[in-house]
Amino acid sequence: MNRSFGQFYPVASALHTLDPRAKILATALLVLGLFLVDSVAGLALVAATVMALVAASHVPPVTFLRTLRPVAFIVVLTVLFQILFSREGETLFAWGILEVHAGGLRLGLFLGIRILLLVSAAALLTATTAPLALSDGLEDLLSPLKKLRFPAHEVAMMMSIALRFIPTLQEETQKITKAQAARGADFSEGGPLSRVRATIPILIPLTVGAFRRADDLAEAMESRGYRGGEGRTRYRELRFRPRDAIALAVTALVLAGAALL
Amino acid sequence: MRLELRDIRHIYSPGAPFEIEALRGVSLAVEPGEVLGILGGTGSGKSTLVQHMNLLLEPTSGDVLVDGADAATLKKSELRRRVGLVFQFPEAALFAPTVAEDVAFAPRRLGLDEDEVERRVTESLKLLGAEHLKDRSPFALSGGEQRRVAIAGVLAMGPEVLVLDEPASGLDPAAREDLLRLIRTLHNTGTSVVLVSHDTDEVAEVADRICVLEKGEVRAIGSPSEVFYTNPEFAPATVQAVAALGEAAWNAGRPVRFDETLRALAQLMEG
């Protein structure tokens with residue numbers, strides 16, 4: 001069993017018991033605030049806070065880092081682009097058309113660290129919050145927009161369904177890959193183009209299967225009387241306690257401090 | 001060819017807290033030209049076992065031998081051509097715009113010329129009674145038709161051993177009969193067949209030998225009459241009926257298949 005990005009990690013910790021609304025708001029604050037932080041000391045403060053939170057979440061650090069792996073590629077690519085194509089500041093290094101400038105280096109590294117912290121915060125949110133609690137929290141936060149006819153419940157439901165089906169689709173992918181391998185498919189030979197072509201026999205059945213699953217799910221929900229958010233009650237009521245407020249306030253303070261540093 | 005598994009163990013997620021030992025030292029052989037039935041309940045390790053037959057899964061320990069030689073030394077593509085594996089619900093992997101294209105996938109991967117590919121597509125579709133579907137989209141077929149097309153897609157490689165994992169699950173009785181008829185046809189042409197199932201009646205009708213798997217171990221292996229009459233708890237209805245009548249009280253032998261049992265019972269009533 002492989003833990004994937006965005007998967008809930010069910011252990012007991014202080015972070016797990018926080019109100020999902022507080023956690024969502026704190027994460028949103030962090031994501032926005034990160035772009036106001038523009039100093040080494042500030043980034044270090046945020047990084048230290050995120051690391052402390054990971055430690056407090058009781059998710060084993062190695063497991064946590066492993067869930068970030070899929071994002072690593074994007075981070076590396078972004079950093080490289082920034083470093084190679086930004087021509088700010090003095091030239092540190094030049095080789096043919098490749099030039100590395102001090103400003104570009106700084107920009108690239110800052111951006112990389114920002115993305116990593118951002119993704120870590122999001123991963124921490126989903127690792128410590130059960131999908132159901134997450135969508136309930138999101139629905140509550142979005143509910144003021146219902147006055148503007150924004151379908152808050154539906155959006156939250158779609159999100160929780162998407163999260164719920166990530167592991168299912170992974171399993172399905174594995175099954176189909178094996179079935180095609182049994183028919184002689186090879187996903188590791190040839191150039192990039194033929195490798196992309198080799199994924200067609202996997203992607204098509206996967207898509208067809210996903211649509212079928214969606215149909216089945218819709219039918220199952222309808223047959224159990226589901227008819228959207230209007231007048232729906234909850235089995236677990238969310239309660240915003242003082243500690244949730246404190247957690248949120250501390251996050252805001254840390255970010256304000258980091259932005260000023 | 002003779003396919004032999006020697007003391008196969010398989011552990012999922014070794015070292016992790018949720019590691020599972022799915023196979024605990026399984027040894028068995030698929031003799032050339034035979035129909036081997038593998039019986040076992042859910043979680044017995046059937047599906048894990050069959051994936052070792054073409055090394056889609058590598059054993060944690062133990063060997064897979066093809067005609068006495070280590071299968072790991074064969075080219076993967078060669079091994080997968082010779083041991084055709086049809087997964088449970090194989091129709092989930094159909095992908096091409098037409099049935100003929102889908103069945104042609106495997107033979108094309110073998111690098112055969114187009115004439116030969118077409119010959120194989122026609123032949124394997126005919127074996128499954130599905131040649132009239134060849135220009136249809138696989139996604140517009142009924143579940144039973146899709147199942148046939150998916151099996152044809154593996155048969156088109158011309159495997160020497162065909163492994164079928166629960167091929168009849170979810171099929172109606174008529175389609176199941178057709179499937180058993182296909183297994184008999186393949187048997188007559190010298191192809192070995194491994195039929196994996198939890199349905200004893202189905203396996204009893206076609207198997208030359210039976211292997212019973214339980215919790216990742218071989219519980220019994222041998223001829224159907226031997227295995228079923230010594231382990232009546234997982235015997236088919238025919239054997240249970242004979243056992244209930246008192247096998248010793250009559251000397252009609254040990255019938256297993258339906259028509260054998262019918263004949264024995266008819267004799268009993270006459271005598």
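**Exercise 1. Into which domains is chain A divided, and how many Å separate their centres?**

Step 1. Chain A has domain 1 (1-129 + 239-261) and domain 2 (131-230). These bounds come from an automatic or database domain assignment.

Step 2. Take the centres over C-alpha atoms. Those of domain 1 and domain 2 of chain A are separated by 26 Å.

This is a predicted model: local features need pLDDT of at least 70, side-chain atom pairs count only at pLDDT 80 or more, and totals for chains, interfaces and linings use all residues. Residues are numbered from 1 along each chain as its sequence is written, while chains are lettered from A and ligands numbered from 1 in the order in which they are written.

**Exercise 2. Describe the side of domain 1 of chain A that touches domain 2 of chain A**.

Step 1. Count contacts (C-beta atoms, placed from the backbone, within 7 Å). Nine residues of domain 1 of chain A are in contact with 12 residues of domain 2 of chain A.

Step 2. Find the main contributor. Helix α2 (residues 20-33) of chain A gives the most to this side of domain 1, with three residues. Helices are DSSP runs (H or I, at least four residues), numbered from the N terminus.

Step 3. Sort the residues of this side. Three are nonpolar, five polar and one charged. Ala, Val, Leu, Ile, Met, Phe, Trp, Tyr, Cys and Pro count as nonpolar; Asp, Glu, Lys and Arg as charged; the others, Gly among them, as polar.

Notes
Two residues are in contact if their C-beta atoms, placed from the backbone, lie within 7 Å. Helices (H or I, at least four residues) and strands (E, at least two) are DSSP runs, numbered from the N terminus.
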